Amino acid sequence: MMDAQTFDADDGPNGTLSPPVKAGRWRNATALLPLFVVLLGMALVGAGVWVTCDSLDRERADIVQAKEAEAANLARAFDENIRQTIRRLDQALVHLRDEFAMHPDAFLAKAQNWQKTLYADLAFHVSAVNADGKLLFSNLAPAKERVDLSDREHFRVHLRSAEDRLFISQPVLGRISGRWSIQFTRRIDAPDGSFGGVMVLSVFPDDLTRFYGPSELGQQGSVMLVGMDRVVRARSSAAPADSMGVGTILVDRPYLDPAQPPAGIHYLASEVDGIRRIVAYRRLRDYPLVAIVGLGWEEAMADYVERRDKVLLGTTLVAVAGMVAILLIAWLIRLQIRHHRRLEATQDLLASTEERWRLALEAVGDGVWDWDARSNTVFFSRGWKAMLGYREDELSDRLEEWERRVHPDDLATVHADLDRHLSGETPFYANEHRVRCKDGGYKWILDRGIVVSRGPGGAPERVVGTHTDITGHKRAEQVLRERQELFEQIFVANSAIKLLIDPADGSIVDANPAAAEFYGHTLDRLRSMRVADLNIWSADDIRAEIERAATEERTHFHFRHRLASGAIRDVEVYSSPIKVNGRTLLLSLIHDITERRLAEAELSAKTAELERSNAELEAFAYVASHDLRQPLRTINSYLTLVQRDLAGKLDADTGECMEFVRMGAQRMDRLIVDLLEYSRVGRKTRPFALHVADAIVATARDNLEAAIFEAGAVVEIARDLPPLWGDDVELTRLFQNLIGNAVKYRAAERRPLIRLGCSGEAAGWHFTVEDNGIGIAPEHFERIFGIFQRLHSADEYDGTGVGLAICKKIVEHHGGRIWVESEPGRGSRFHIVLPRHEASAP
């Protein structure tokens with residue numbers, strides 16, 4: 001009896017896979033073949049791209065390293081050049097100083113000869129200043145011109161120090177040359193060893209940085225010499241900038257940090273021209289200076305970037321071509337596979353056709369319709385119905401469902417366009433019309449269709465088409481039309497003079513009636529003219545200004561225009577580019593400013609006359625004060641002599657009378673001096689600058705040291721006072737007067753205590769000077785700031801009544817305000833608010 005054998009349905013007689021199973025698995029494997037080819041190709045392309053990018057990264061690193069080394073070498077050479085130049089200048093300075101000490105009369109001629117021979121490699125100007133700060137000589141100024149240089153930093157440094165050392169100043173604007181220069185100075189000792197003056201070698205910053213040019217640094221490179229005080233001594237660069245940066249105070253520069261190494265590399269954006277550079281720096285041995293060389297980053301990497309872009313473009317093209325080839329191969333493989341599978345898939349495809357068609361209609365954003373002209377029924381897709389707000393079961397399949405929803409005003413054109421297409425006059429049907437929605441509103445619809453089948457006589461049997469919602473597009477067109485109409489109304493109806501100008505040739509495209517009235521030409525005549533027919537400038541100048549307006553480099557201009565009558569008018573033009581129907585034109589608004597210019601000229605003449613009058617008043621005040629004080633000094637001197645000669649010979653009343661006369665003369669002299677000082681506030685002033693308030697207040701206190709000591713006063717000054725913008729001499733006088741008054745008007749029963757404080761507020765820096773003196777009655781708060789206003793007699797308190805008036809004038813000259821709070825018997829508090837000023841590098 002045979003053993004029962006059981007076979008799997010897919011097994012052959014010997015347990016192997018049957019042919020249908022093998023075919024199925026083969027089909028599955030071959031179906032994955034295109035994917036395998038694509039993945040393999042992508043892996044190869046990706047590997048090639050990675051290799052290319054890695055090579056570019058290594059090349060970039062090598063270039064950066066080379067540029068850093070180049071910058072470091074340039075900085076090293078520049079460092080050595082600067083140190084040698086400074087040593088040579090110091091040698092020349094010592095030589096010239098010693099020669100001047102031995103042969104002062106023939107010194108200038110010898111110095112000029114040595115500049116041409118011994119020191120021909122150095123570019124400097126020699127001068128000397130005496131112990132009073134007066135210019136002894138200079139090869140740039142006449143010998144008789146004694147300029148006062150006592151305020152210069154180098155003079156003050158050598159005056160305070162007896163050490164014979166080289167001093168290198170910050171860049172200063174020469175009072176003789178009128179140019180920026182750096183002062184290399186040494187002390188001149190008098191024969192007795194005291195301070196005898198200063199020998200000065202002035203070097204222009206350009207002479208220190210011409211060591212390198214564009215051939216070494218490129219067009220974006222720069223070379224710079226900076227002091228450890230953060231002030232730029234010299235700078236040179238071929239890159240355009242608002243200034244060369246000499247005198248700029250640098251902030252947040254790491255190479256100025258003493259904790260950093262003496263030499264190094266940084267990547268920084270310039271505070272002068274904004275260009276990012278590879279910055280190599282070296283601190284000079286023996287001198288508080290830093291030599292800096294910068295190579296423009298973009299310029300340094302330009303060749304690499306160009307080569308990288310080319311390589312990446314080539315790599316991309318190769319990768320794309322490779323992927324296209326791979327995809328083409330995969331596509332051919334897939335076609336071959338599909339060819340073998342097409343027959344067995346045909347039945348499944350036919351079975352799923354209806355379902356795919358239904359899904360496609362739902363996926364299409366537009367509504368789809370299919371009109372059977374023979375039965376007059378229409379298939380409306382779900383999207384067609386939803387577009388009008390209906391559910392799928394709310395509309396029938398009759399043509400009337402669509403026709404009765406078309407807006408009555410549009411129905412005639414719809415039928416006309418549809419009939420032309422059905423008759424064969426047009427290749428397709430297209431019409432824009434409004435269709436009523438379920439909510440009663442209308443939507444704009446772009447209705448398109450085409451006949452897909454006709455009967456034997458050419459009559460249409462089936463037409464299919466789509467509905468597209470263009471309501472938003474129509475609204476945009478309406479807005480555009482309204483804007484166009486608004487522009488026309490603004491351009492034409494407005495009373496301002498307007499021209500539309502073609503920047504290509506300067507022709508006047510359009511003008512408004514106001515322009516015709518102003519120029520005296522008809523509108524047609526203006527539209528045939530060019531700007532050059534109105535503007536009296538040359539054609540080249542007009543063309544240049546039009547280009548500036550077209551590129552928006554400038555929008556505001558001043559011209560002189562000729563009217564039809566021949567009259568010339570000054571006009572102010574505001575011009576900017578606008579788009580009109582895709583064409584760039586210049587819209588110019590023109591204002592007649594002839595009368596304003598005449599008024600400005602008249603105002604300028606009156607201003608000049610006022611300045612002349614002020615100058616005369618100043619001269620008069622000086623002469624008057626001098627001439628008035630001379631007799632007073634004579635009276636005071638002779639009264640003193642008479643008192644001395646008649647000492648013991650006069651009775652008490654006569655002596656007292658003579659003393660009254662002498663004290664009156666002295667008081668009159670002080671009044672004249674204070675009056676002259678009051679008149680000079682705001683007129684005899686130096687240019688405003690940023691000053692340290694701590695130093696100003698300290699100077700004011702030092703000036704009052706004797707009075708403070710005599711009164712036993714305690715003066716408390718707040719720490720870390722803010723910087724102040726203004727004239728330091730006037731500001732010192734302000735605080736000196738306020739502190740001096742607090743010391744003078746003290747209470748006899750208590751020790752004077754004076755506090756000076758400061759706080760920041762929106763209006764500026766708020767200073768207060770508070771005392772515990774005799775105080776001021778409220779009714780005198782305004783009066784005390786008037787000139788010659790005194791609350792006490794001269795016997796009680798000395799003074800002229802001008803001090804607080806000067807304070808008020810100084811504060812107002814600096815744009816601030818001053819007032820007082822006080823309580824009699826308890827002290828006073830003076831308030832001063834001075835504007836803030838944020839200083840920045842130019």
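Trainee: Which residue is the bridge partner of Ser222 in β8?

Mentor: The partner of Ser222 is Ser237. This is a predicted model, in which local features need pLDDT of at least 70, side-chain atom pairs count only at pLDDT 80 or more, and totals for chains, interfaces and linings use all residues. Residues are numbered from 1 along each chain as its sequence is written, and side-chain values use heavy atoms, with hydrogens and water left out.

Trainee: What makes β7 and strand β8 (residues 232-237) a pair?

Mentor: Two strands pair if DSSP finds at least two bridges between them. β7 and β8 have five bridges, in the antiparallel sense, and pair. Strands are DSSP runs of E with at least two residues, numbered from the N terminus; helices are runs of H or I with at least four.

Trainee: How many bridges join β7 to strand β11 (residues 289-296)?

Mentor: Six, and the two strands run antiparallel. Leu225 stands opposite Ala291 in β11.

Trainee: Why is strand β7 (residues 222-227) called largely enclosed by the rest of the structure?

Mentor: Buried means under 20% relative accessible area, exposed over 50%, and partly exposed in between (1.4 Å probe, protein chains only). Six of the six residues of β7 are buried, so the strand is largely enclosed. Ser222, Met224 and Val226 cover one side, and Val223, Leu225 and Gly227 the other.

Trainee: Why does Arg338 count as partly exposed?

Mentor: Arg338 has 45% relative accessibility, so it counts as partly exposed. Arg338 lies in helix α7 (residues 302-363).
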